[in-house]
Amino acid sequence: MDWFAAEGYWLSRLVFQRALAVVYLLAFLGAVRQFRALIGEHGLTPVPRYVARVPFRRAPSLFQWHYSDRFFAAVAWLGVAWSAALLLGLADGLPVWANLLAWLVPWALYLSIVQVGQVWYGFGWESLLCEVGFLAVFLGPADVAPPLLVLVALWWVLFRLEFGAGLIKLRGDPCWRDLTCLYYHHETQPLPNPLSWWFHRLPRWAHRAEAAANHVTQLVVPFLLFAPQPVRTVAAVVVIVTQGWLVLSGNFAWLNVLTMVVATTAAGGGLWGALLPVGPPAGLDDPPAWYAVAVVALALALVVMSYWPVRNLLSRGQVMNTSFNPLLLVNTYGAFGSITRVRREVVIEGTSDPVPGPDTVWQEYGFRAKPGDVRRRPPQVAPYHLRLDWLMWFAAIAPAYAQPWFPVLLAKLRDNDPDVVALLRHNPYPHLPPAHVRARLYRYRFTDRRERRDTGAWWHRTLIGDYRA
């Protein structure tokens, strides 16, 4: 079945599967550590309340049939263990049918989490992981050549991911067209990392060059993914390098990492053979007939489902990060179609004073990654995803993004809720809960070189006023 097999991509599949298992592992670990405070039975937006009003057909999930915090923890920990087993290659030697089931399990588990995750799981990289994870089910074990149609489907994901992001930029904020968006982006992005200050301080010609290179990478290079080798490998390497640049400049959860993971499938085995001391087996087995039929059926279904994202790409009203079916397959993607020029941060404070007045001392809560203390260097947290920190960035943009969870967050901080407090870096009231908490809105900007040298601060902030969600 020469039309079916892509033997030259045997090592590409191996690299992809191992890397995807790492992303799954991080995703499930994040669910284990954060779910109780965010979506648990007593969380900010509880799952039981959500599934009571959203039917299974709109949000297919194991938790539609049963939810308890103990059951969710069991599902998430099973995902952690299963991902670790896939990372160790324990599925490589299985028969085709068993290998498919082995990769189907983490996809089904994570889809179940995403579908009840509500606003905390409303990011493009969640649907991306679900889509890529579903395609990975059909790549097959190590003793069978990877199916060409599944590889093409993965390249089609990468095309939509990159080209969609490029189009939304051209159609969106005019600063992308005049190449000035990166004058602001490194400072105003959701969660800056340790190098973001330095990227922001690059000369403006470098920022313009970054923006121009972004357009080439996202609007031209994606078409080369479908060119013959070695052009396809060159395109994959360009995507990997540019996504690596984004990893260096900010914290975007696993978006950039997963994009690089998908790009590994477009790089031919020659590249990976030169980098890794691993070679394919002497002979690869022919695929079972039922397997070939399943792959062809998958390909036909993907072609049909591609109508909606293609229509979106061609539309002047293009939207970002949208799914067109409840299984989150063949989605549309995009990022930073508009850039904020000014960084605002919501700062939460508490006091033990029972009757606050002008002389009341307020102490600030510290988050794990979002800016707060001006002297604290922005940390590196990606590819791990801190969901509360990300939503706090959105809340600062507009109070509508803070509904309905932000008032509940303040109430739980007043009660010193242990699950919520565990999401923070610093709780100024570790023993007795505060008498009152409040939220204030500040304008933040990176210090310049002189301020940084004189004060040691990474940020300068100015009070705007009280924050109301």
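1. The model is predicted, so local features need pLDDT of at least 70 and side-chain atom pairs count only at pLDDT 80 or more, whereas totals for chains, interfaces and linings use all residues. Residues are numbered from 1 along each chain as its sequence is written, and side-chain values use heavy atoms, with hydrogens and water left out.

2. The protein chain has 20 helices and six strands, taken as DSSP runs (H or I of at least four residues for helices, E of at least two for strands) that are numbered from the N terminus. Its radius of gyration, over C-alpha atoms, is 23 Å, close to the 23 Å that the globule rule (2.2 Å times the number of residues to the power 0.38) gives for 469 residues, so the chain is as compact as a globular protein of that length. The C-alpha trace spans about 80 × 55 × 45 Å along its principal axes.

3. Of the 469 residues, 56% are buried, meaning under 20% relative accessible area with a 1.4 Å probe and protein chains only, while exposed means over 50% and partly exposed lies in between. L191, in the loop between α8 (185-188) and α9 (196-200), is buried because its relative accessible area is 1%. L191 lies 5.4 Å from N251, C-alpha to C-alpha, although the two are 60 residues apart in sequence.

4. On the surface, D2, E7, D143, D285 and D286 gather in a patch of negative charge, where like charges are joined within 9 Å and each residue has over 30% relative accessible area and no salt bridge (a side-chain nitrogen of Lys or Arg within 4 Å of a carboxyl oxygen of Asp or Glu). Among them, D285 sits in the loop between α14 (269-275) and α15 (289-305), and D285 counts as partly exposed because its relative accessibility is 44%.

How values were computed
Patches are made of residues with over 30% relative accessible area and no salt bridge: like charges are joined within 9 Å, nonpolar side chains (Val, Leu, Ile, Met, Phe, Trp, Tyr) within 5 Å. Accessible areas come from the Shrake-Rupley method with a 1.4 Å probe; for residues, only the protein chains shown count as cover. Lys and Arg count as positive and Asp and Glu as negative; His and the chain ends are not counted. The place of a charge is taken as NZ of Lys, CZ of Arg, CG of Asp or CD of Glu.
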